[in-house]
Amino acid sequence: MSSSSASSSLSPIITTATKALSPILDTFTAVLAKYPPLTKTHTNYGVGVRTAYPASPARDALKKGETPEPYSPVYHVADVVISSAWAPGKPPAQSWADPECNDIEAEVAAQVAAGRKRVMPYGLSLTDLSFNRVNGFPVNPMGLTGITGRGELGLWGPNPAADPIIFRMINTMLCVLLIQRADGTKQWAFPGGMVDPTDPTISATAVRELKEETGFSVEDLSQYSLDPVYNGYVDDARNTDNSWMETNAYAWFLTDDVPSNKIKLSEGGDGEETLAAKWVPVTPDLLEDGRLFASHAAILRGAVGKLIQLAA
Ligand code: BGC
């Protein structure tokens, strides 16, 4: 696409964004200025895991901001992770996790040899083990969690997810499409999910999850795209010292020409992963840390920052 056609397809978005943001620009800018771009350390030791993680004095100390000396984390792997371990010939839906192993490099080599498609964030290939490792195990780049092993996460190292951020104006209010998660957190979140090895691209994961979790459908979403707004670590309570979530968040801004009846939300969510789906007004309060699942408030701040840049 030439740059002129790119900018002409963006101009309705810019017009809508300007209209949406001008009355509230100062308030939003003040909230955004309060926070650094994204927390750089792991801070989420809290609630929110589907199955309770075992008690860990090291985790308790970290939660209080102390440095546990000596550091004695508790090893944990959820039963569902064990029973969903990949093995040659197992159907993909029952083999989304890695097996327990002693050395991730040897394990990945064995999986490659057996033809497993194992997804990594940002299109890294199966064999790209560019994260730090100690004694053969991946090391959480954002610090200690008090738990070793994979907890509830399937893959050793980064576990890739994708998140769609859909904005639209409703009665002069800037709104974002959110779901209430059905997991232990019951928190409001973007309608995202884990990258599936059969997804052709990571943005396709975002679109697939959007449809699955909210019933949302707009024929050609691509013309409303604001492109990726974040990729990297998510401060998720499931993270451990050896496994962590990384997401790729994409934003779309639906302009006023998208009739609201084109957007069909399944009110009760999908009943499995989501309890509800709705348009939520983007208030300064919603952008504060802790209001949304994991670091979604921080990611939303990034997306609103992008809108502010467009509207400026
Ligand atoms: C969620 C995503 C989230 C990711 C990282 C997934 O379970 O569906 O929305 O960004 O976890 O925490």
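**Figure 1. Salt bridge between R116 and D98 in the predicted model.** R116 and D98 form a salt bridge in which the closest N and O atoms are 2.7 Å apart. R116 belongs to the loop between helix 5 (104–113) and strand 2 (133–134), whereas D98 belongs to the loop between helix 4 (79–83) and helix 5, so the pair ties together parts that are 18 residues apart in sequence. The structure shown is a predicted model. The count of salt bridges in this model comes to eleven, the bridge from R116 to D98 being one of them.

Figure 2. The ligand sits in the largest pocket. Around the ligand are 13 residues, of which D163, G192, D236, R238 and H296 come nearest. By residue class, the shell around the ligand divides into five nonpolar, four polar and four charged residues. Two strands, strand 5 (157–170) and strand 10 (243–254), each supply at least two residues of this shell.

Figure 3. The side chain of D163 places an N or O atom 2.5 Å from an oxygen atom of the ligand. In the case of R181, a polar side-chain atom lies 3.2 Å from an oxygen atom of the ligand. G192 takes part through its backbone, with an N or O atom 3.0 Å from an oxygen atom of the ligand. The ligand on its own has 310 Å² of accessible area, and the protein covers 96% of this area.

Figure 4. The peptide bond that runs from E69 to P70 is cis, and its omega is near -5°. P70 is placed in the loop between helix 3 (57–63) and strand 1 (74–77).

**Figure 5. Positive phi at K186.** K186, a residue other than glycine, has a positive phi, with a value near 50°. The loop between strand 6 (173–181) and strand 7 (188–189) contains K186. Most residues other than glycine have a negative phi.

Key: Residues numbered from 1 in each chain as written. Predicted model: local features only at pLDDT ≥ 70, side-chain atom pairs only at ≥ 80, totals over all residues. Heavy atoms only, no water. Near = heavy atom within 4 Å. Polar contact = N/O pair within 3.5 Å; in protein donor to acceptor, adjacent residues only side chain to side chain. Areas by Shrake-Rupley, 256 points an atom, 1.4 Å probe, with all protein chains shown as cover. 1 Å grid on protein atoms, 1.4 Å probe; cavity = no way out; pocket = protein on both sides within 12 Å on 5 of 7 lines; lining within 4 Å. Sits in = over half its atoms within 2 Å of the grid points. Helix = DSSP H or I, 4+ residues; strand = E, 2+ residues; numbered from the N terminus. Nonpolar A, V, L, I, M, F, W, Y, C, P; charged D, E, K, R; others polar. Salt bridge = Lys/Arg side-chain N within 4 Å of Asp/Glu carboxyl O.
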